[in-house]
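Please report on the structure shown here.

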Amino acid sequence: MALHLSHQIGTLCGTPVVSETAAAAGGDQSSAAAVSTAALRKPQTTGAPNLRCRIQRASGQGELDSVSPPMSPCRSPALAATRPDLSVACQALVADVDPATADEKVVREYLGGGGEGGAVKGKGVPVYVMLPLDTVRPGGGLNRRKAMNASLMALKSAGVEGVMVDVWWGLVERERPGEYEWGGYDDLMEMARRIGLKVQAVMSFHQCGGNVGDSCTIPLPQWVLEEMDKDPDLAYTDQWGRRNYEYVSLGCDKLPVLKGRTPIQCYADFMRAFRDHFRHLLGSTIVEIQVGMGPAGELRYPSYPELDGTWKFPGIGAFQCYDKYMLSGLKAAALEAGKPEWGHGGPTDAGGYNNWPEDTTFFRHDGGWNGPYGEFFLSWYSQMLLEHGERILSSATSVFDSTGVKISVKVAGIHWHYGTRSHAPELTAGYYNTRFHDGYLPIARMLGRHGAVFNFTCVEMRDGEQPGEACCRPEGLVKQVAAAAKEAGVALAGENALPRYDEMAHEQIVNTATAEEGGQEKMAAFTYLRMGPELFQPDNWRQFVAFVKKMAEGREGVGPCRELVEREAERSVHATRPLVQEAAVALMSG
């Protein structure tokens, strides 16, 4: 039985889990120690599904079907290491059995120090937890429904404020334009309401599959892909003619290219349909709408795609402005600037996806990025991204006006080569941020005009954990973004970029999110990546519960009261035992 369940956990995470005998023979598989970014990004060689990516060359030389490398690793210790009193959510996540026969009244008796969930208002930072990417299955319905119920009750018992879930465009409006299927999301929202968890709903207008941590594949709606087949320039394109189908190119935002509607109209109609369907939960259960604006839901270009093995950390990426719609905009901008020769494409000396800045003429220390042409091109490229965000935010704020929900936007934490002068990976992603130019203040001001929350990643990272030769500076990057948010008067929220369960990562998050030193304000919320079997392993769960308590206590949780907070967290872990033991019995008898 243990072998079969271990295999199921491995299937869920995208990597096989060894049985007890295999673990004994093959070494430790359950280390929760901090690992470097490079190590986390190292591709697997076995056990993960392969995804296909079509590459179409601009020269018309045909299409290639390329099999991608396996997904990023997700380590899962052997199930035998899981204690019965902490096994409810871990085991339930891989088997559709009912671990939760306790009613709501009983669940609430096990609540942690957050009271009705999360931090005391005005004191700490509320914690949300990201749900699995495949929470809702194609065609409607909730994946692992009974397991999800047990897991959400366990999170509630730990004092978590709520959960974040991707509302996939490719699932809800899958078959035909204007026809929306909310079935699985109905079940989830009602479950969260009953348990007492709040929900951050992500309007996910991108493809799932091809980015770090993507464990499943959810393409864009079928009817959208049909239009992209007819007109491949609806996809972002690089200078070598590679097409990227993760997200519709912002170059055609205002053109009726999707069966008579513009992409912006499609996004607005989707959000309006969501609002009308879940109106009764907006402002109470559903408290935040995060608006997807690009690949991985982030406001950026798909400059570092992993799907077809094109990019590997810490490459600088590549500009994505070679579809005919983007080139048309560039040509017009060059003519307006009186430099028509600048309108034929991006810089030709910017290297390739896996180059480093000093490998290229454009990005090197004294390269063209800091010259007249570089300033023109980077200003245009980043402005196009800002205008894209402005258009979607205008629609979102109009749709959700007076509903009581917050609007947020996610910005990528591109920390590699941040220590160089050019900041090349940020530039290719659309953030005009160099040693001499602040690329995040314009984004913050754009969000401020719409009252949106600035959601930023890589909050868990320390400079010393990263490969030194890649000039990674995540701590400096987070500080710059926090300063930009403060100057623009917008709320800042955070996420961890990679799965981390260790105390060092938790302490970094607490210190950053709750900081009110040097004029820096604490974060409005923090969303933890991600709920899954590994989170509910005994040591990880204990660390996580303590982390939630510290976030709830704010600065007090990391000061003299730390020992008290940890004792309280241990009591909260103990309080989950009746719930998880009941689930374990249900699993064994199911």
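## Salt bridges

The count comes to 27 salt bridges, each being a side-chain nitrogen of Lys or Arg within 4 Å of a carboxyl oxygen of Asp or Glu. This is a predicted model, in which local features need pLDDT of at least 70, side-chain atom pairs count only at pLDDT 80 or more, and totals for chains, interfaces and linings use all residues. Residues are numbered from 1 along each chain as its sequence is written, and side-chain values use heavy atoms, with hydrogens and water left out.

Helices (H or I, at least four residues) and strands (E, at least two) are DSSP runs, numbered from the N terminus. Lysine 259 is partly exposed, with a relative accessible area of 38%. Glutamate 227 is buried at 12%. Here buried means under 20% relative accessible area, exposed over 50%, and partly exposed in between (1.4 Å probe, protein chains only).

Aspartate 253 pairs with arginine 391, their closest N and O atoms 3.0 Å apart. This pair also joins distant parts of the chain: aspartate 253 is in the loop between E7 and H10, arginine 391 is in helix H12, and 138 residues separate them. Both aspartate 253 and arginine 391 are buried.

Aspartate 539 and arginine 542 form a salt bridge with closest N and O atoms 3.6 Å apart. Both lie in helix H17 (residues 538-553). They are three residues apart, so about one helical turn separates them. An α-helix has 3.6 residues a turn, so residues three or four places apart point the same way. Aspartate 539 is exposed, at 56% relative accessible area. Arginine 542 is partly exposed, at 25%. Elsewhere, salt bridges that share partners join Glu173, Arg261, Asp269 and Arg272 into one network.

## The barrel

Eight strands form a closed barrel with parallel pairing, in the order E3-E4-E5-E8-E9-E10-E11-E12. The twist averages 30° from one strand to the next. Two strands pair if DSSP finds at least two bridges between them. Strand E5 (residues 198-204) pairs with E8 in the parallel sense over five bridges. In this pairing, glutamine 200 stands opposite glutamate 288 of E8.

Helix H10 (residues 263-277) packs on the sheet. It touches strand E4 (162-168), E5 and E8, where contact means heavy atoms within 4.5 Å. The direction of H10 makes about 155° with that of E5. Helix H12 (residues 372-399) packs on the sheet too, touching E8 and strand E9 (406-411). The direction of H12 makes about 155° with that of E9. Axes are lines fitted to C-alpha atoms, for helices over the stretch in contact, and angles run from 0 to 180 degrees between N-to-C directions.

## The annotated glutamates

UniProt, in an unreviewed entry, places the feature "active site" at Glu298 and Glu495. They span 198 residues in sequence, yet no two of their C-alpha atoms are more than 12.3 Å apart, so they gather at one spot. UniProt positions are given in the numbering used here, feature names are shortened, and annotations may be inferred rather than shown by experiment.

Glutamate 298 is in the loop between strand E8 (286-291) and helix H11 (324-336). It is buried, at 8%. Not counting residues up to four places away in sequence, glutamate 298 touches Met293, Tyr304, Lys410, Ala412 and Thr457. Glutamate 495 lies in strand E11 (residues 492-495). It is buried, at 1% relative accessibility. With the neighbours up to four places away left out, its contacts include Met130, Gln290, Lys410, Thr457 and Phe526.

## Helix H16

Which residues of helix H16 (residues 503-513) are buried? They are Ala505, His506, Gln508, Ile509, Val510, Thr512 and Ala513. The buried residues of H16 pack against helix H15 (474-488), strand E12 (526-528) and H17.

## Cysteines

The structure holds zero disulfides, a disulfide being a pair of cysteine sulfur atoms within 2.5 Å. Cysteine 472 is in no disulfide, and the nearest cysteine sulfur, that of cysteine 471, is 7.8 Å away. Cysteine 472 is buried, with a relative accessible area of 3%. Cysteine 266 is buried, at 0%.
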